[in-house]
Amino acid sequence: MALLTILHHPDPRLRQKAEPVRVFDDALQTLIDDMFETMYDAPGVGLAANQVGVAKRLAVMDCSGDKAAPEPMVIINPEIFDTSDLEVMEEGCLSVPGIADKVKRFNHLKMRALDRNGNSFEIEAEGLLAQAIQHEIDHLDGKLYIDYLSSLKRERIRKKLEKEARDAARGQPAVAAR
């Protein structure tokens with residue numbers, strides 16, 4: 001397994017709509033394993049393939065919060081077919097590091113997807129898992145959670161991340177957010 005590089009906003013690859021997965025081969029299995037290793041190392045609860053530069057409709061998640069008893073989930077070509085209970089939730093993203101804000105998400109949903117072997121499944125999810133599924137599917141559609149924020153907040157975030165990237169390229173430490 002290998003750690004992959006997580007793309008950061010405003011990288012244009014994050015805005016690319018992912019293509020359906022059609023081939024379930026060894027390369028896909030390696031990508032899934034590498035995505036899990038990258039997500040756990042970050043650490044995060046979800047990671048979409050386009051966050052690591054692969055424009056495929058694939059995401060990995062683990063909302064257990066328990067390293068001793070992980071609950072890894074792979075969703076391929078996912079689609080949500082029922083939602084309810086719209087709520088405001090705090091959200092962050094590995095591609096928008098160090099920044100979190102409140103967004104509206106459905107607290108309950110039903111989704112169908114394929115597993116890592118191409119087998120179809122359906123689940124009902126609520127709470128953090130429902131939020132993570134929506135967040136990762138947004139990535140697969142080329143959207144970020146910050147798209148739900150005001151244009152002023154999005155612009156501030158973009159400028160902050162661009163400055164941090166420039167500073168990192170020059171070897172300067174990032175300044176803590178105030």
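**A loop residue and its setting**

Modeller: P70 is found in the loop between β2 (58-61) and β3 (73-93). Helices (H or I, at least four residues) and strands (E, at least two) are DSSP runs, numbered from the N terminus. The model is predicted, so local features need pLDDT of at least 70 and side-chain atom pairs count only at pLDDT 80 or more, while totals for chains, interfaces and linings use all residues. Residues are numbered from 1 along each chain as its sequence is written, and side-chain values use heavy atoms, with hydrogens and water left out.

P70 has a relative accessible area of 43%, so this residue counts as partly exposed. Buried means under 20% relative accessible area, exposed means over 50%, and partly exposed is in between (1.4 Å probe, protein chains only). Leaving aside neighbours within four places in sequence, P70 is in contact (heavy atoms within 4.5 Å) with Y40, D62 and S64. The C-alpha atoms of P70 and I123 are separated by 18 Å, and the two residues are 53 apart along the chain.

Now the chain around that loop. The protein has 3 helices and 5 strands, which run α-β-β-β-β-β-α-α from the N terminus on. Its C-alpha atoms fill a box of roughly 45 × 40 × 35 Å, taken along the principal axes. Buried residues make up 42% of the 178 residues. Of the contacts between residues at least 6 apart in sequence, 63% join residues at least 24 apart.

L14 lies in the segment before α1 (26-41) and counts as buried because its relative accessibility is 0%.

Side chains of opposite charge can pair when their charged atoms come close. A search of the whole structure finds 16 salt bridges, each a side-chain nitrogen of Lys or Arg within 4 Å of a carboxyl oxygen of Asp or Glu. One of them joins R15 and D147, whose closest N and O atoms are 2.6 Å apart. This pair links distant parts of the chain, as R15 is in the segment before α1 and D147 is in the loop between α2 (127-140) and α3 (151-169), 132 residues apart. R15 is partly exposed, with a relative accessible area of 36%, and D147 is also partly exposed, at 26%.

K102 forms a salt bridge with E90, with the closest N and O atoms 3.3 Å apart. K102 lies in strand β4 (residues 96-114) and E90 in strand β3, so the pair ties together parts that are 12 residues apart in sequence. K102 is exposed at 52%, whereas E90 is partly exposed at 46%.

In helix α3, E162 and R158 lie 4 residues apart, about one turn of the helix. Their side chains meet in a salt bridge (2.6 Å, N to O). E162 has a relative accessible area of 26% and R158 has 25%, so E162 is partly exposed and R158 is partly exposed. Elsewhere, salt bridges that share partners join K17, R57 and D141 into one network.
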